[in-house]
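Biologist: Before we discuss the fold, please show me the model and its sequence.

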Amino acid sequence: MAAPELLSDEGYRADGRRPAELRKVRARMGVFAQADGSAYIEQGNTKALAVVYGPHEMRGSRSKALPDRALVNCQYSMATFSTGERRRRPHGDRQAGELALHLKQTFEAAILTHLYPRSQIDIYVQILQADGGNYCACVNAATLAVMDAGIPMRDYVCACSAGLAEDTPLADRSPEEAAGGPRLVLALLPASGQIALLQLSARLHQERLEAALEAAGQACRALHAVLDRVVRDRLREVTALLGD
Amino acid sequence: MATAFKTVEPLEYYRRFLKENCRPDGRELGSITTADGSALVKLGNTTVICGIKAELAAPAVDSANKGYIVPNVELPSLCSTRFRSGPPGEEAQAASQFIADVIENSQMIAKEDLCIANGKLAWVLYCDIICLDYDGNILDASAFALLAALKNVQLPSVTINEETGLSEVNLKQKNPLIIRKHPVATSFAIFDDTLLIVDPTAEEEDLATGTVTIVTDDEDRLCSVHKPGGSPLTGAKLQDCITRAITRHKEVKKLIDKVIKSIKPK
């Protein structure tokens with residue numbers, strides 16, 4: 001089976017983007033009234049919603065409360081109409097559980113949990129339309145939602161996926177490109193350059209890792225610029241309403 | 001004094017948006033292209049999204065010329081702190097049953113229309129209603145979202161190849177669903193056995209001593225009255241509710257028509 005043509009002769013990808021180009025990002029914060037923090041992000045056709053409740057008292061078993069920091073509880077869910085084929089189980093399946101765990105671990109690295117001992121922070125992520133880069137869209141939406149809730153973080157958490165076409169690294173893989181070549185998912189804290197999560201699937205020669213990692217890092221930093229602008233615009237909006 | 005608070009007109013009191021599901025420029029939530037039909041409804045703060053997916057299946061043996069409509073209302077933990085994660089709670093199940101009843105009682109879609117080949121092939125419409133922000137009156141919002149999403153559904157035409165007996169789906173040719181009736185639900189919260197508040201918020205629902213939901217359809221006809229226990233209501237009050245529900249139906253229908261017309265064809 002011939003691998004699909006990832007990069008045309010002129011250097012364009014299947015959807016007309018350049019190798020380092022990200023899909024269009026649109027984000028909004030503070031979309032819901034009930035939640036402490038909420039955000040909605042669209043990356044290309046992938047639409048993700050993140051909702052944060054907390055920090056609040058531990059629900060359920062008090063014995064699980066950590067004496068020196070807050071517990072971060074994540075739930076990842078895909079709407080039944082989010083994929084081409086109807087999903088039978090929106091949550092509770094293995095993939096959702098794994099992604100929820102990854103989210104939890106990523107945000108435990110970023111949120112200053114030592115400020116809220118014995119409490120719980122809930123992060124719920126819902127995918128309304130899945131079109132590649134689900135985990136990345138979730139992380140980005142969750143970052144904005146945690147900011148909207150006013151929970152202090154070490155830094156933004158920006159996530160992006162990358163792939164390789166021959167020797168050219170591709171940033172922000174779309175689902176058509178997902179089939180060929182190695183896949184890399186990176187969640188980065190941009191200011192310090194620290195990696196919160198790194199996942200690599202398929203075989204890759206270790207010499208190529210540097211290039212792919214660099215491409216993903218660049219993409220994360222570009223995303224950071226976009227998200228930062230969204231947060232500042234939102235702050236301006238909110239203070240304009242409160243001021244005068 | 002009591003009459004002043006008696007019923008609150010929805011238009012003056014609450015902002016109500018029926019957001020369209022086709023957004024050409026950066027507005028809030030766009031259309032869901034993986035779903036065959038979608039709609040987002042905001043009733044004050046309560047936000048509900050409905051996605052419809054159509055699949056093919058064989059019809060049941062005893063009703064060979066009928067398709068299926070399967071509604072499901074989900075109240076995930078993200079919409080409010082009152083819902084825990086896990087299997088659907090009572091409220092979600094009751095809401096799902098309510099929507100199923102509305103579809104059945106109002107005959108909004110004739111199941112015969114969903115049949116493609118008698119006894120062999122029919123459409124199954126999975127209507128998934130997800131509440132994104134819970135601030136009371138989930139039944140009204142779910143019913144509106146369902147109606148708007150169904151009006152938005154485009155089903156590809158399916159033919160059965162005579163020789164092979166297999167179905168051929170033509171994705172290029174799409175037809176909208178035939179919606180025969182447009183049921184609209186109106187909910188009221190009962191306070192102290194006498195005061196009625198229309199379109200209650202979550203706080204009001206918690207304080208209320210009972211609720212009534214009235215579903216009306218196009219020709220000022222009653223589809224169903226749902227009064228699950230709660231404080232007793234006199235016949236006159238109930239009649240009053242029904243009259244108000246009929247008025248509200250006209251307003252909502254106008255809003256839905258306006259929104260559907262403004263959608264650009266795909």
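Biologist: In this predicted model, which residue of S11(B) stands opposite B:Ala189?

Modeller: Strand S9 (residues 184-191) of chain B and strand S11 (residues 210-217) of chain B run antiparallel and are joined by seven bridges. In S11(B), the residue opposite B:Ala189 is B:Thr211.

Biologist: Which strands stand at the edges of the sheet of chain B?

Modeller: The sheet is open, and its four strands pair antiparallel in the order S10-S9-S11-S12. The twist from one strand to the next averages 25 degrees. Each edge strand has a single partner, so one side of each is left without a neighbour in the sheet; these strands of chain B are S10 (195-198) and S12 (221-226).

Biologist: What angle does helix H4 of chain B make with S9(B)?

Modeller: Helix H3 (residues 90-106) of chain B lies across S9, S11 and S12 of chain B, and runs at about 155 degrees to S12(B). Helix H4 (residues 138-152) of chain B also packs on the sheet and touches S9, S11 and S12 of chain B. Its direction and that of S9(B) make an angle of about 175 degrees.

Biologist: Turning to chain A, how is H2(A) oriented relative to H3(A)?

Modeller: Helix H2 (residues 134-148) and helix H3 (residues 206-242) of chain A pack with axes 11 Å apart, at an angle of about 30 degrees. Angles under 35 degrees count as roughly parallel. The orientation of H2(A) to H3(A) is therefore roughly parallel.

Biologist: How many residues in the contact of H2(A) with H3(A) are nonpolar?

Modeller: Among the contact residues are A:Leu144 and A:Met147 of H2(A), and A:Leu223 and A:Arg234 of H3(A). By class, one residue is polar and two are charged, while the nonpolar residues number six.

Conventions. Residues are numbered from 1 along each chain as its sequence is written. Chains are lettered from A and ligands numbered from 1 in the order in which they are written. This is a predicted model: local features need pLDDT of at least 70, side-chain atom pairs count only at pLDDT 80 or more; totals for chains, interfaces and linings use all residues. Side-chain values use heavy atoms; hydrogens and water are left out. Axes are lines fitted to C-alpha atoms, for helices over the stretch in contact, and angles run from 0 to 180 degrees between N-to-C directions. Helices (H or I, at least four residues) and strands (E, at least two) are DSSP runs, numbered from the N terminus. Angles under 35 degrees count as roughly parallel, over 145 as roughly antiparallel, 65 to 115 as roughly perpendicular and the rest as oblique. Contact means heavy atoms within 4.5 Å. Ala, Val, Leu, Ile, Met, Phe, Trp, Tyr, Cys and Pro count as nonpolar, Asp, Glu, Lys and Arg as charged, and the others, Gly among them, as polar. Two strands pair if DSSP finds at least two bridges between them.
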